[in-house]
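I am opening a notebook page on this structure. The entries below follow the order in which I looked things up.

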Amino acid sequence: MKHYTSVLSIAGSDSGGGAGIQADIKTISALGCYAATAITAVTVQNTIGVEAVHPVPTDIIRGQIEAVLSDIGADAVKTGMLHSAEVVLTVSEMLRKHKVRNVVIDPVMVSTSGHRLIEESAVKTLRKELIPLARVITPNIPEAEILLGAERLDTQKALPEAARKLAHIYNVSVLLKAGHLSEDLLTDYFYDNETGILLELPSQRIQTKNTHGTGCTMSSAFAALLAKGESLPEAAKRAKEYVANAILYGADYEIGHGHGPVNHFYESCR
């Protein structure tokens with residue numbers, strides 16, 4: 001009997017389809033895994049920005065996670081938008097109960113358009129309750145600054161030490177993304193907390209407005225690759241490669257009036 005390799009995404013819904021749960025499902029599917037979901041919030045959102053956020057009650061979030069993990073199971077879990085301390089606690093409780101190993105946390109705090117997606121109290125709870133359950137976290141620079149206590153990361157040179165510091169503070173492997181910097185050659189850094197190895201993951205900046213959902217895509221790709229049995233370094237490299245190609249092959253498409261999505265299914269669209 002064949003079995004699917006499954007990944008559970010616990011995140012918010014993006015009505016525009018480019019980020020959140022929708023990006024997660026596309027990424028997980030494109031990488032050959034079965035995508036299950038637990039929706040934490042419904043956003044009113046398109047390529048221009050986020051207009052409103054409607055939280056899903058915690059008992060429904062808990063029920064979705066229980067329904068998936070008690071029946072389908074998950075070879076990896078990815079978390080995205082967890083907007084309140086209560087939601088973070090609910091997710092933490094369920095991950096502890098089901099003892100999921102491959103947990104990838106995308107510490108979503110602010111949207112690309114600048115809309116705050118997490119309450120202040122949730123940041124403290126995320127640090128204390130959820131990150132200790134993770135195998136990997138995938139912060140961008142603004143998120144890393146918050147997790148480090150507002151330390152400024154405004155140069156490429158600051159990122160390796162910041163990745164190490166985050167790993168040592170939270171006892172977790174860290175993929176620190178450089179996309180918010182202005183250089184043409186961007187280098188993400190992956191610190192493997194299980195071996196102490198630091199990887200440089202360089203890529204050339206692609207001139208396009210179609211970058212909506214890249215953070216969701218990166219963390220989902222990482223989770224899918226871990227679910228398939230890849231090592232941490234290999235999963236980091238392949239996740240980076242997948243996102244870079246998704247941006248490249250989606251760069252010339254026109255959709256909406258703002259920041260369009262990446263091309264998750266670029267392999268079948270070439």
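I began with terms: two strands pair if DSSP finds at least two bridges between them. Helices (H or I, at least four residues) and strands (E, at least two) are DSSP runs, numbered from the N terminus. The model is predicted, with local features needing pLDDT of at least 70, side-chain atom pairs counting only at pLDDT 80 or more, and totals for chains, interfaces and linings using all residues. Residues are numbered from 1 along each chain as its sequence is written, and side-chain values use heavy atoms, with hydrogens and water left out.

Entry: the sheet.
I looked up the strand order and found an open sheet of nine strands, β3-β2-β1-β4-β5-β6-β7-β8-β9, with mixed pairing.

Entry: two strand pairs.
I checked β8 (residues 185–192) and β9 (residues 197–204), which run antiparallel and are joined by eight bridges. Leu-186 has Ser-203 in β9 as its bridge partner. The two strands form a hairpin with four residues between them, and Gly-196 in the turn has a positive phi of about 80°. By contrast, β6 (residues 136–137) and β7 (residues 173–176) pair in the parallel sense over two bridges, and Val-136 is partnered by Ser-173 in β7.

Entry: helix α4.
Which residues of α4 (residues 120–130) are buried? I noted Ala-122, Val-123, Thr-125, Leu-126, Glu-129 and Leu-130, buried meaning under 20% relative accessible area (1.4 Å probe, protein chains only). Their cover includes β4, α3 (85–98), β5 (103–105) and α5 (141–147).

Entry: the cavity.
A cavity is a set of points, on a 1 Å grid over the protein atoms alone, where a 1.4 Å probe fits but cannot get out; lining residues have an atom within 4 Å of a point. Grid points are joined across faces, edges and corners, and a volume is the space filled by probe spheres set on the points. I found one cavity of 30 Å³ or more. The largest cavity has a volume of about 40 Å³, and its lining includes Gly-80, Leu-82, Asp-106 and Leu-126.

Definitions and conventions
Buried < 20%, exposed > 50% of the residue type's maximum accessible area, 1.4 Å probe, protein only. Contact = heavy atoms within 4.5 Å. 1 Å grid on protein atoms, 1.4 Å probe; cavity = no way out; pocket = protein on both sides within 12 Å on 5 of 7 lines; lining within 4 Å.
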